[in-house]
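Subject: Structure handover

Hello,

Here is the structure for you to look through. Please open it first, then read the notes below beside it.

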Amino acid sequence: MKITLVGMGSGLPGSLTAQGLQALQTAGLILGAKRLLQNLPDGCTPNRKPIYLPDEVLACLQAEPCQTAALVYSGDTGFYSGAAALVPKLQAQGAEVTVLPGISSVQLLAAALGRPWQNWHLVSAHGCACAPAAECRSDRPTFFLTGGRNTSPAALCEILAAAGFGAVQATVGENLGTPQQKVITDTVQTLAGGSFAPLSVLLVEPCPKPQPRVPGLPDDAFIRGKTPMTKQEVRAAALAKLAVAPTDTLWDVGAGTGSVSVEMALAAPMGQVYAVECDADACALVRQNQAKFAASNLTLIAGKAPEALQNLPAPDAVFIGGSKGNMQAIVDAALAANPQTRLCIAAIALETLQQGIAALAAHGLAAQVTQIAVSRSKAAGSLHLMMANNPVFLIVRE
């Protein structure tokens, strides 16, 4: 069997390439989304089926064999297309596969704006998770292929506005390449309140990039209240022990003010941080500090560990700043989610130190303990005295 995968561009016959038009007009069976099948060019077979998922396509071709078939896709077959998953499956069944490109939504928007697109940062938010604020922190415009309620242009702009990018210019392209085409350019904040056609894409102009810095923000940079906070020097050491990478999934258990959570979020802009805290006042502080630092990749989990950890994504690294007496169960949960997760436990009391070591030992893991004793100068008349903070133990798995 010969099957041709055809990119149909905007979904109208006029956006087909000459090769694509010929493939469709000579096919004995045409598959694809219903919207595309309704807009096929003249001269195509009436033998059409609204099927495009790989397994359904394979089943259909086996049940209804024909010499030549075609499957139409919107946009380009090489740009976040279902063709990528289908081609190897068709080839495994011995089919002769031809892939024909189409005009992508990127090209259509660039043409509508009269701009080149070769320097755009291309991101798919269509049916998959993405971190809009992190994606936009570059020197290039960012193009989002959108789709679904939670990744519509308005929803993405709402996230970007919350991350402090409300004043940035952005463009929404609706129904590109069709008579209903509409291009709207405004600020991210304004577009966040808009309503757009289901077939829309988003282009965000370059957003301000945060100045790179090592972990360890000053203590007075955070909103504190009466909740205990992990101090600057300890925070810096803890993130170093955890070896936080830009794409990590991170847990901060016993988040307190959220100071460690915020530092994690800034160190992992393409990752996700889950701040777990059971105290209501502390949860309020986490939210305030998250807003202050525009940490859009930080999620507060209001609840007590280990129960609150059950449905979280597996962590690459975990910081335990408070356990409420549940140290063993928290370590158990972290290692059950990812046996290779990097662990760092902070302890002030000797009893907590012992519990941390024992929790690791229960899994056959040796503990490396570092004591951090910080003293800071304080003016006393014409003199300066060193004032000691409580020593802190950082316990990590070896």
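A strand here is a DSSP run of E with at least two residues, and strands are numbered from the N terminus. Leucine 250 sits in one of these, strand β11, which covers residues 249-253. Please keep in mind that this is a predicted model.

**Leucine 250**

Is leucine 250 buried or exposed? The cut-off for buried is under 20% relative accessible area. Leucine 250 has 0%, so it counts as buried. Which residues does leucine 250 touch, leaving out those up to four places away in sequence? They are Val244, Met264, Ala268, Gln272, Val273, Tyr274 and Ala317. Leucine 122 is another matter to look at. Leucine 250 and leucine 122 are 128 residues apart in sequence. In space, their C-alpha atoms are 26 Å apart.

**Serine 261**

Next, find helix α10, residues 259-267. Serine 261 lies in this helix. Its relative accessible area is 0%, so serine 261 is buried. Its contacts, apart from neighbours within four places in sequence, are Asp252, Ala255, Val273, Ala275 and Leu298. Val273 is also among the residues that leucine 250 touches.

**The open sheet**

Now turn to the sheet. In what order do its 5 strands run? The order is β6-β7-β10-β8-β9, and the sheet is open. The pairing is mixed. Strands β6 (121-124) and β9 (182-187) stand at the edges. Each has a single partner strand, so one side of each has no neighbour in the sheet. On average, neighbouring strands are turned by 20° against each other, direction ignored.

As background, strands of a sheet pair through backbone hydrogen bonds, either parallel or antiparallel. Strand β8 covers residues 169-174 and pairs with β9 in the antiparallel sense. There are 6 bridges between these two strands. One example to trace is valine 172, whose bridge partner in β9 is isoleucine 184.

A helix also packs on this sheet: α7, residues 153-165. Helix α7 touches β7 (142-145), β8 and β10 (200-204). Its direction makes about 25° with that of β10.

**Two helices together**

Look next at helix α3 (residues 54-63) and helix α4 (residues 83-92). How do these two pack? The angle is about 35°, and the axes are 9 Å apart. The crossing of α3 past α4 is right-handed. From α3, the residues in the contact are Pro54, Asp55, Val57, Leu58 and Leu61. From α4, they are Ala85, Leu86, Lys89 and Leu90. By type, this contact holds 7 nonpolar residues, no polar ones and 2 charged.

**Backbone details**

- Proline 306 lies in the loop between β13 (298-302) and β14 (317-320). A cis peptide bond joins alanine 305 to proline 306, with omega about 15°.
- Asparagine 175 lies in the loop between β8 and β9. Its phi is positive, about 50°, although asparagine 175 is not a glycine.
- Lysine 324 lies in the loop between β14 and α12 (327-337). Its phi is near 50°, again a positive value in a residue other than glycine.

Why does lysine 324 count as exposed? The cut-off for exposed is over 50%. Lysine 324 has 60% relative accessibility, so it counts as exposed.

Best wishes

Terms used: Residues numbered from 1 in each chain as written. Predicted model: local features only at pLDDT ≥ 70, side-chain atom pairs only at ≥ 80, totals over all residues. Heavy atoms only, no water. Pairing = 2+ DSSP bridges. Helix = DSSP H or I, 4+ residues; strand = E, 2+ residues; numbered from the N terminus. Axes fitted to C-alpha atoms, helices over the stretch in contact; angles between N-to-C directions. Contact = heavy atoms within 4.5 Å. Buried < 20%, exposed > 50% of the residue type's maximum accessible area, 1.4 Å probe, protein only. Left-handed = near helix turned anticlockwise from the far one by under 90°. Nonpolar A, V, L, I, M, F, W, Y, C, P; charged D, E, K, R; others polar.
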